[in-house]
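Look through the structure below with the sequence at hand.

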Amino acid sequence: MRLGTPGFIGTRLRESREAYGLSATALAEMVKVSKQAIYQYEKGDDSPGPEVFERICLLFKHEPHFFLRPYPNWQESPKFFRSLAAATKTARLKAEARHSWMREVINYLSEIVVLPPVNLPKTMPQVEDPNLLSMEDVERYAAELRRFWNLGDGPIPNLTRVMEQNGIIVLRHSLDAETLDAVSAWALPENIPYVLLNSDKECAARSRLDLAHELGHVCIHQAINETTLNKQELFALIEKQAFRFGSAFLLPEKAFLEDVYSISLDALKVLKRKWRVSIAMMIERLKTLEIIDPDQHRRLRIAYVSRRWTKEEPFDRELAIEQPALIQSAFRTIVESKVQRAEQISANSGFSRHWLESLLAAPAEIFRDEVKLEMKVLPFKKRA
Amino acid sequence: MRQESSDSPLMASQVFLDHVPAGVLAAMLRAVLQSYKDASSACYETMRPRQAKDASGPFRRNKIESELVGVGERFQQVISVEDNLYKRGTGNYVELTCGVVKMTESCVPSPKDFPRDADYRETLAESTQLVLGFVPAETPGKYLYAILLHGVDGTAKQRSGCRFAQVRFPLKGFASYTEDRVDLFAMFPSIVAEYSDQSATADEVHTMLPLRVIPKIGEA
């Protein structure tokens with residue numbers, strides 16, 4: 001009689017496979033079973049034997065107990081993907097799976113530490129139809145959020161930190177997909193917004209726009225449902241609105257225009273260091289605000305391309321990429337206040353050290369420090 | 001080099017400020033200060049010091065003129081810009097028109113000095129109406145000619161700093177200036193500070209607020 005793995009949760013296997021962007025055939029080959037067997041495991045009709053189970057755990061870098069934990073039946077708002085049209089379904093599934101894991105661990109951590117409460121103005125729109133939001137409305141909401149968060153009109157030195165302090169969970173993680181920039185959603189029913197940024201994009205200025213764009217979805221698209229999001233023309237409008245929100249939030253009209261002293265690439269280059277946004281974005285903002293006409297816009301774009309800035313702009317390597325700190329801080333607080341050890345967090349949350357470090361940027365030294373601590377616990381005496 | 005005259009026929013600066021918005025002047029100051037920096041880095045990063053020093057003047061002048069065209073585009077509702085050829089076709093100069101004001105720029109050793117002779121400057125100075133009781137609205141076709149004077153700060157590294165930026169008004173005949181002037185350094189000290197203080201662009205440190213552990217039931 002073949003031994004299975006009692007309590008094996010098939011959905012966890014499917015999600016792991018999707019998190020790695022693997023097809024059932026590819027996974028079957030890697031763990032040396034048939035494709036049909038994989039489908040049966042995933043549907044819960046069968047479970048892997050000890051050897052296959054071990055191979056599955058090694059492959060996905062999960063501890064065995066991960067696959068035995070009940071799969072949470074959570075609700076979520078529709079997910080907003082900031083992606084190129086070329087983004088494949090596989091890339092999206094990969095991002096969704098990792099987003100879901102992120103939520104699972106954070107949910108666990110939030111039972112131990114007090115995370116900052118979500119702090120957004122109650123006046124943000126609750127429209128189900130994006131057509132009801134004009135671009136002027138979007139600009140107004142961006143300005144209102146700045147006021148609400150007491151940010152003034154100037155550049156925001158660290159947008160990630162501002163969002164985290166106002167209760168929005170931000171994480172940077174490699175999605176292994178060039179076509180996908182970010183994904184965001186509201187976790188329900190606890191009503192916490194999550195933003196997952198693709199850390200494969202190594203450009204601070206562009207990453208800040210991605211983040212501000214997702215902030216736009218979080219703020220003005222809370223009531224948009226899946227059906228609306230799946231309509232192509234409405235999706236395009238939703239994306240435009242999020243872009244407009246992000247631009248207005250990072251570059252408020254009055255303060256930004258006071259700094260634009262000349263319509264030239266060199267003048268915008270100077271402003272990039274101050275405002276920490278890409279030159280390309282500033283060009284678009286000037287067009288949106290009707291400071292430049294289509295001819296001037298075209299001229300600037302031609303000059304921009306001829307300077308080969310489409311691939312890399314000046315200061316792209318100098319501006320530091322904003323790193324989230326909230327969840328790292330939560331880990332430290334739990335371990336340093338001796339509520340739980342890092343290994344315990346791993347065991348209780350169901351996620352291996354590998355995933356805690358890579359998905360949530362759990363500080364690696366916490367695990368290392370524990371190893372040192374354990375060494376100290378066993379003092380050896382010299383022989384007499 | 002001619003020196004300024006001490007007579008003061010009228011307050012040209014008042015007419016100037018009535019027609020040129022402060023935002024435009026702030027933009028012109030930024031364009032000048034940034035061009036000093038850009039010219040310095042462009043020349044000193046690619047040439048030996050002596051050649052860089054020689055080249056930085058013409059480079060800076062053209063950079064400023066180029067940015068002034070950009071200033072004109074930025075404020076196209078209130079300014080018009082002309083890129084004019086010298087009379088003999090040996091070069092270009094940029095002329096900004098803002099209401100009744102026509103303006104060019106020049107680099108000089110000090111704000112009391114005059115730029116070198118140029119036909120266009122003398123022609124522009126001739127067309128001005130700097131007499132007592134000058135009323136722009138009643139003198140169509142006539143302009144107030146202003147020059148944006150700026151000069152190198154000899155103490156700045158690699159000629160990257162500007163020591164002054166003032167708008168002055170040459171009198172007819174281009175032999176003297178009116179006594180009044182518009183000092184852009186005095187008008188916009190924060191912009192000047194921004195360009196002289198390199199630390200202004202340094203990264204701000206943002207630390208995470210401390211989190212607290214939820215007390216277990218009975219612990220609180």
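Which residue in β2(B) is the bridge partner of B:Leu85? The partner is B:Asn92. This is a predicted model, in which local features need pLDDT of at least 70 and side-chain atom pairs count only at pLDDT 80 or more, while totals for chains, interfaces and linings use all residues. Residues are numbered from 1 along each chain as its sequence is written, chains are lettered from A and ligands numbered from 1 in the order in which they are written, and side-chain values use heavy atoms, with hydrogens and water left out.

β1(B) and β2 (residues 92-98) of chain B pair in the antiparallel sense over six bridges. Two strands pair if DSSP finds at least two bridges between them; strands (E, at least two residues) and helices (H or I, at least four) are DSSP runs numbered from the N terminus. In chain B, six strands make up an open sheet with mixed pairing, ordered β1-β2-β3-β4-β5-β6. Its edge strands, each pairing on one side only, are β1 (80-85) and β6 (182-183) of chain B.

Helix α2 (residues 22-44) of chain B packs on this sheet and touches β2, β3 (101-107), β4 (144-152) and β5 (162-168) of chain B, where contact means heavy atoms within 4.5 Å. The direction of α2 makes about 30° with that of β4(B); axes are lines fitted to C-alpha atoms, for helices over the stretch in contact, and angles run from 0 to 180 degrees between N-to-C directions. Helix α3 (residues 49-74) of chain B lies across β1, β2, β3 and β4 of chain B, at about 30° to β2(B).

Between the chains, 37 residues of chain A are in contact with 25 residues of chain B. The two chains bury about 2,600 Å², 54% of it on carbon and sulfur atoms; buried area is the accessible area (1.4 Å probe) that two parts lose on being put together, summed over both. Three salt bridges (a side-chain nitrogen of Lys or Arg within 4 Å of a carboxyl oxygen of Asp or Glu) join chain A and chain B. A:Asp259 forms a salt bridge with B:Arg30, with the closest N and O atoms 3.4 Å apart.

Over all chains the count is 28 salt bridges. In the one between A:Arg244 and A:Glu139, the closest N and O atoms are 2.6 Å apart. That pair links distant parts of the chain, 105 residues apart: A:Arg244 is in helix α10 (residues 232-250) and A:Glu139 in helix α6 (residues 135-148), both of chain A.
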